[in-house]
Amino acid sequence: MNESQDSPDTGPNWGASAGNAWVAIQDLTDSIFEPVERLLTEEVASGEGNRVLDVGCGTGATTVAIAHRLGPEAVVSGIDVSAPMIEASIERAASAGVEIDFTLADAETHDFGELRFDQVVSRCGVMFFSDPVAAFSNLARVGTGGRLRAITWRSYAENPFMTVAEEAAAPLLEGFESRRSNDAPGQFGLAEEEYVNEVLGGAGWQDINLRPVDIECSFPESELVRYFSGLGPLARHLDDLPDDQIPENLVETVSEAFSPCVRERTVSFTCAFWMIEANAP
Ligand SMILES: C[S@@+](CC[C@H](N)C(=O)[O-])C[C@H]1O[C@@H](n2cnc3c(N)ncnc32)[C@H](O)[C@@H]1O
């Protein structure tokens, strides 16, 4: 398999194409998902204990925001499986002047040793495990006596914005289809409430509760092409296509498909998330 390709079995290739793409576009994702960062940071600040682990921390936006919010007494760590993203996290923390311990590792299997955290948190970083029960068991161990607060996407059907680009591009690209299910592992891998209860319960978490949260996000229309050609399955597919195989009308067709979301030169959409809450015994 081409190193840069995503796979339907293992999800996005975070170590290569998907990770590099997120780093390249982090200024845009930082601002689009800032309301989600705020929600998680507030949630952490309202909890007890200042030892916090950010799982699938990506380029560190939420990790740094949490460290800022909790102050220098806090012990904040981030773990991510993607080298380019951990590097970007380290740079972000250094320029923000906060001390954070970042680990490049798979949160599913990483041996945290004697480390323990009061709060295990994540903004959309826990839907990609190959064995979710094993992964959440590992997180329950490291979070012994603490709590989980993980923001994850609800279903693809409740997040139509997320597939606009794919739907519009699919008829133009041979062998490319829009997602029509809650892919696991993948963005919508923890969309189904019953499944999340099964996974977390099987992993030993208690008092499991899924709270639906709808958040308005937006970005300037001038960033639209950069958005859909930089993030998501369409972008990864285009990365692997030689330029001469990209239909001439693709950018125009896909841009046009977003027009119902554009008002006053701003692209706006609602994100349907779960706030997954649980306690580790
Ligand atoms: C959608 S991004 C979210 C990044 C970050 N939390 C944010 O909100 O900006 C998902 C992140 O999960 C990470 N990830 C995926 N599988 C992982 C695993 N098994 N262990 C640790 N991190 C993982 C990816 O590398 C990626 O950084």
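How do the residues of the shell around the ligand divide into nonpolar, polar and charged?

Modeller: This is a predicted model, in which local features need pLDDT of at least 70 and side-chain atom pairs count only at pLDDT 80 or more, while totals for chains, interfaces and linings use all residues. Residues are numbered from 1 along each chain as its sequence is written, and side-chain values use heavy atoms, with hydrogens and water left out.

The shell around the ligand divides into 10 nonpolar, 4 polar and 3 charged residues. In this scheme Ala, Val, Leu, Ile, Met, Phe, Trp, Tyr, Cys and Pro count as nonpolar, Asp, Glu, Lys and Arg as charged, and the others, Gly among them, as polar. In total, 17 residues surround the ligand, and the closest are Gly-56, Asp-80, Asp-106, Ala-107 and Arg-123; a residue belongs here if one of its heavy atoms lies within 4 Å of the ligand.

The side chain of Asp-80 places an N or O atom 2.6 Å from an oxygen atom of the ligand. For Asp-106, a side-chain N or O atom is 2.8 Å from a nitrogen atom of the ligand. Val-81 takes part through its backbone, where an N or O atom lies 3.3 Å from a ligand nitrogen atom. On its own, the ligand has 590 Å² of accessible area, of which the protein covers 95%; the areas come from the Shrake-Rupley method with a 1.4 Å probe.

Cys-124 is not a glycine, yet has a positive phi of about 60°. Cys-124 is located in the loop between strand S4 (119–123) and helix H6 (132–142). Strands (E, at least two residues) and helices (H or I, at least four) are DSSP runs, numbered from the N terminus.

Methods
Polar contact = N/O pair within 3.5 Å; in protein donor to acceptor, adjacent residues only side chain to side chain.
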